[in-house]
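Reader: I have a structure open and have not looked at it before. Can you take me through it?

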Amino acid sequence: MAFEKSILVTGGAGFIGSHVIRLLVNKYSTYRIVNLDLLTYAGNLENLSDIESADNYTFEKGDIVDTDFINLLFEKYAFDGVIHLAAESHVDRSIEDPMAFIKTNILGTVNLLNAARNSWKDFGGKRFYHVSTDEVYGSLGETGLFTEKTPYDPRSPYSSSKASSDHIVRAYYHTYGLPIVISNCSNNYGPNQFPEKLLPLFINNIKLEKQLPVYGDGKYTRDWLWVMDHATAIDVIYHDGKNGETYNIGGNNEWQNIDLIDVLCDIVDEELGREKGSSKKLIHFVKDRPGHDKRYAIDATKIKNELGWEPSIKSEEGLRLTVQWYLRNAEWMENVTSGSYQKYYDKMYAHRI
Ligand code: NAD
Ligand code: DAU
């Protein structure tokens, strides 16, 4: 079958990538969607089982840090576009092992940029999209919002590796004219998220009646976005965003961790038929994350005004859908928490609890 466009999505077996792949495969039957993923601990093809045999979908296992492999992939598929999500994504892991983040998030991104630049003889109709994070902007006080003009001030090895790759992506635009676009998004939540991140970890712990390790005083603020809303924003930006531009994506949905956890306990209790609020006894305040950013909040006016995108799901509705998904997909949770997971979890929390 001849395809109108060939698009490389990196990290498509991960949390956000799996929703992006599903959206593109279902919406654009004339595009060939190639999912390149190394299947690290965070990559899981089970996230894509419903679309794995679609005619316009292909999976390639490989490492974005492997230059030869990436060059061959560009030759094989003659990509028109790249939507780059593959990354080491967890802040706590970046504190334990920064080098893994430097390699994948910085060197991997440069490899992809070079392959695009070398294989795209002319840049017409081409696009390199780097999916990034609001953490590059650092930490806010009680008030204020991150805009696209907020100076970068990353404070963890994870966020500094993402900031570095954002800068390099922009440098390829200014230096070589590579048609790039970047988005910086707040905390995503929803199905398929690896249970090292706050919400799936706590939902699973509540179910198993294990402790809920709240870092510090719990008064840290995050803006939460339904993951499928992020996927639609990525689709809109990929197709309608302007070359060289950055778009902030957010949910207008700020929560202090402890307030979110309180509501989460109520919802999980209700869904499990337990006395509402009974799992709050599992909350344990533990040693803080080093360099813990106090508050993230996004001004998403630009993407709304210029591209007409807005989040569609309100917070409590999304939270309940998320809880229901993890409780109904017990086998998924079982699969991702078997193997080395428990070892990771014990190591990660040994020095906190
Ligand atoms: P994730 O950890 O769930 O998935 C990352 C995926 O990348 C996995 O499938 C993994 O196997 C793959 N991968 C890792 N190293 C690779 C390598 N060297 N080569 C090929 N594939 C590799 O991450 P996520 O939460 O879905 O985040 C995806 C992207 O979105 C990341 O770039 C992240 O920085 C960004 N982001 C995440 C959030 C969030 O809340 N999760 C918010 C804003 C931006
Ligand atoms: O803002 C976007 C970022 O959001 C993404 O770029 C990252 O990839 C993603 O991991 C996420 O980073 P956070 O560090 O904000 O997410 P995490 O789920 O790890 O933590 C959310 C908040 O909850 C944070 O303030 C730390 C706190 N926390 C987290 C865990 C795992 C706890 O209190 N206890 C925990 O056990």
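This is a predicted model: local features need pLDDT of at least 70, side-chain atom pairs count only at pLDDT 80 or more; totals for chains, interfaces and linings use all residues.

Reader: Ligand 1, then. Which residues are closest to it?

Author: The closest are Ile16, Asp37, Ser89, Tyr158 and Lys162, out of 28 residues that surround ligand 1.

Reader: What does lysine 162 do there, in terms of atoms?

Author: A polar atom in the side chain of lysine 162 lies 2.6 Å from an oxygen atom of ligand 1. Threonine 104 has an N or O atom in its side chain at 3.5 Å from a nitrogen atom of ligand 1. With leucine 39 the backbone is involved: one of its polar backbone atoms is 3.4 Å from an oxygen atom of ligand 1.

Reader: And how much of ligand 1 does the protein cover?

Author: On its own ligand 1 has 830 Å² of accessible area, and the protein covers 96% of that.

Reader: Which elements give two or more residues to that shell?

Author: Those are α1 (15-27), β5, α5 (157-176) and β7 (187-189). The most comes from β5, with three residues.

Reader: How do the residues of that shell divide into nonpolar, polar and charged?

Author: The shell around ligand 1 has 13 nonpolar, 12 polar and three charged residues.

Reader: OK, ligand 2. Which residues come nearest?

Author: Ser89, Thr133, Asp134, Tyr158 and Arg289 come nearest, of the 25 residues around ligand 2.

Reader: What is serine 89 doing with ligand 2?

Author: A backbone N or O atom of serine 89 lies 2.7 Å from an oxygen atom of ligand 2. Two side chains also come in. Glutamate 135 has a polar side-chain atom 2.8 Å from an oxygen atom of ligand 2, and arginine 222 has a polar side-chain atom 2.8 Å from an oxygen atom of that ligand.

Reader: How much of ligand 2 does the protein bury?

Author: The protein buries 95% of the 690 Å² that ligand 2 exposes when taken alone. Among the elements around ligand 2, α6 (198-208) and β8 (212-215) each supply at least two residues of the shell. By class, that shell has 12 nonpolar, seven polar and six charged residues.

Reader: You mentioned α6. Is that helix mostly buried or exposed?

Author: Eight of the 11 residues of α6 are buried, so the helix is largely enclosed by the rest of the structure. Among the buried residues are Leu199, Phe202, Asn204 and Asn205. Just after α6, glutamate 209 takes a positive phi of about 55°.

Reader: What about the nonpolar core? How many residues does the largest one have?

Author: The largest nonpolar core has 37 residues, and Leu212 and Leu264 have the most contacts inside it. Elements that each supply at least two of its residues include α6, β8, β9 (221-226) and α8 (257-272). α8 gives the most to this core, with eight residues.

Reader: Why would such residues sit together?

Author: In soluble globular proteins, nonpolar side chains tend to be buried together.

Reader: Switching to strands. Which faces of β4 are covered?

Author: Both faces of β4 (residues 81-84) are covered: Gly81 and Ile83 are buried on one side, and Val82 and His84 on the other. β4 pairs in the parallel sense with strand β1 (residues 5-10) over four bridges, where valine 9 stands opposite isoleucine 83. β4 also pairs in the parallel sense with strand β5 (residues 127-133), again over four bridges. In that pair, glycine 81 stands opposite arginine 127.

Reader: And β10, what is buried there?

Author: In β10 (residues 246-249), Thr246 and Asn248 are buried on one side and Tyr247 and Ile249 on the other. Four bridges join β10 to strand β6 (residues 180-185), and the two run parallel. Isoleucine 249 is the bridge partner of cysteine 185.

Reader: Last one: glutamate 60. Why is it called buried?

Author: Glutamate 60 has a relative accessible area of 13%, and buried means under 20%. Its place is in strand β3 (residues 57-61).

Reader: What does the side chain of glutamate 60 make a polar contact with?

Author: The side chain of glutamate 60 makes a polar contact of 2.4 Å with the side chain of tyrosine 77. Another polar contact, of 2.8 Å, joins the side chains of glutamate 60 and lysine 76.

Terms used: Residues are numbered from 1 along each chain as its sequence is written. Chains are lettered from A and ligands numbered from 1 in the order in which they are written. Side-chain values use heavy atoms; hydrogens and water are left out. Buried means under 20% relative accessible area, exposed over 50%, partly exposed in between (1.4 Å probe, protein chains only). Two strands pair if DSSP finds at least two bridges between them. A residue is near a molecule or strand if one of its heavy atoms lies within 4 Å of it. A polar contact is a pair of N or O atoms within 3.5 Å; within protein, one must be able to donate a hydrogen and the other to accept it, and residues adjacent in sequence count only if both atoms are side-chain atoms. Accessible areas come from the Shrake-Rupley method with a 1.4 Å probe; for residues, only the protein chains shown count as cover. Ala, Val, Leu, Ile, Met, Phe, Trp, Tyr, Cys and Pro count as nonpolar, Asp, Glu, Lys and Arg as charged, and the others, Gly among them, as polar. A nonpolar core is a set of buried Ala, Val, Leu, Ile, Met, Phe, Trp, Tyr and Cys residues joined through side-chain atoms within 4.5 Å.
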